[in-house]
Amino acid sequence: MNTKPFVLLLALAAASLAPTAQAGGNLDCQLRYNLSGWSLIYKTASGNGTIHCTNGSSMPVRIQLKGGGLTVGKSKITDGRGSFTGASSVGELLGTYASVGAHAGAVKSSNAQVMTKGDISLALSGTGKGWDLGVDGAAFTISRR
């Protein structure tokens, strides 16, 4: 089952529902992460990652996701990628982001999320193993590891 067109459509829908962040800074930072969790109306996931910025800053981070919606499944995202906009320093990237996400998959799981924290936005994407289907809202927390 090819879920990429479905996931892309859901990601675009999620992006249109997410709050708009205004650029507060121009530091370019990327997040590489692994995340695993489950959902049955309630959604929870946790993992680790590293933030790398173009100014040479980097930081190992812990990720916690908690939320709910029309969602069911179990998945493990490996080698996920995220892109931050609107930050002036790497420390501003820590905290809790509000997210609207879309995910779909059977055997190979895909995840797309757009989230904001004040003026900072974060777009995530990743693929992995598991099965899942749904649209949800969640609190995505990034803390120093």
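What we have here is a predicted model, where local features need pLDDT of at least 70, side-chain atom pairs count only at pLDDT 80 or more, and totals for chains, interfaces and linings use all residues. Residues are numbered from 1 along each chain as its sequence is written, and side-chain values use heavy atoms, with hydrogens and water left out.

Back to the cysteines. The sulfur atoms of Cys-29 and Cys-53 are 2.0 Å apart, and a disulfide here is a pair of cysteine sulfur atoms within 2.5 Å. By that rule the count comes to one disulfide. Both Cys-29 and Cys-53 are buried, where buried means under 20% relative accessible area, exposed means over 50%, and partly exposed is in between, with a 1.4 Å probe and protein chains only.

Now the overall layout. The protein has one helix and four strands, and along the sequence they follow the pattern α-β-β-β-β. These are DSSP runs, numbered from the N terminus: helices are H or I with at least four residues, strands are E with at least two. Buried residues make up 43% of the 145 residues. As for the surface, the protein exposes about 7400 Å², and carbon and sulfur atoms supply 60% of it; those areas come from the Shrake-Rupley method with a 1.4 Å probe, and for residues only the protein chains shown count as cover.

How do the strands go together? β1 and β2 (residues 58-87) pair in the antiparallel sense over 23 bridges, and β2 and β4 also pair in the antiparallel sense, over 23 bridges. Two strands pair if DSSP finds at least two bridges between them. β1 and β2 form a hairpin with four residues between them, and Gly-56 in the turn has a positive phi of about 95 degrees. If you want to follow individual bridges on the screen, Lys-43 has Gly-67 of β2 as its bridge partner, and Ile-77 has Gly-128 of β4.

Let me stop at two residues of β1. Gly-49 sits in this strand, which covers residues 27-53, and stands opposite Val-61 in β2. Is Gly-49 buried or exposed? At 5% relative accessibility, Gly-49 counts as buried. Leaving out residues up to four places away in sequence, Gly-49 touches Leu-31, Arg-32, Tyr-33, Met-59, Pro-60, Val-61 and Arg-145, a contact being heavy atoms within 4.5 Å. From Gly-49 to Asp-79 there are 30 residues in sequence and 9.0 Å in space, C-alpha to C-alpha.

The second residue is Ser-36, also found in β1. At 36% relative accessibility, Ser-36 counts as partly exposed. Beyond four places in sequence, Ser-36 touches Ala-45, Ser-46, Ser-75 and Lys-76. The C-alpha atoms of Ser-36 and Gly-47 are separated by 6.4 Å, with the two residues eleven apart along the chain.

Leu-93 brings us back to the cysteines: its contacts, beyond four places in sequence, include Cys-29, Cys-53, Ile-51 and Phe-84.

Last topic, the rings. How many aromatic pairs does the structure hold? There are two aromatic pairs. Trp-38 and Tyr-42 form a tilted one, 5.9 Å centre to centre with 55 degrees between the planes. Phe-84 and Tyr-97 form a tilted pair as well, at 6.2 Å and 50 degrees. This pair links distant parts of the chain, with Phe-84 in β2 and Tyr-97 in β3, 13 residues apart. Rings of Phe, Tyr and Trp (its six-membered ring) pair if their centres lie within 6.5 Å; planes under 30 degrees apart are stacked, over 60 edge-to-face, and the rest tilted. Both Phe-84 and Tyr-97 are buried, whereas Trp-38, at 44% relative accessibility, counts as partly exposed, and so does Tyr-42 at 39%.
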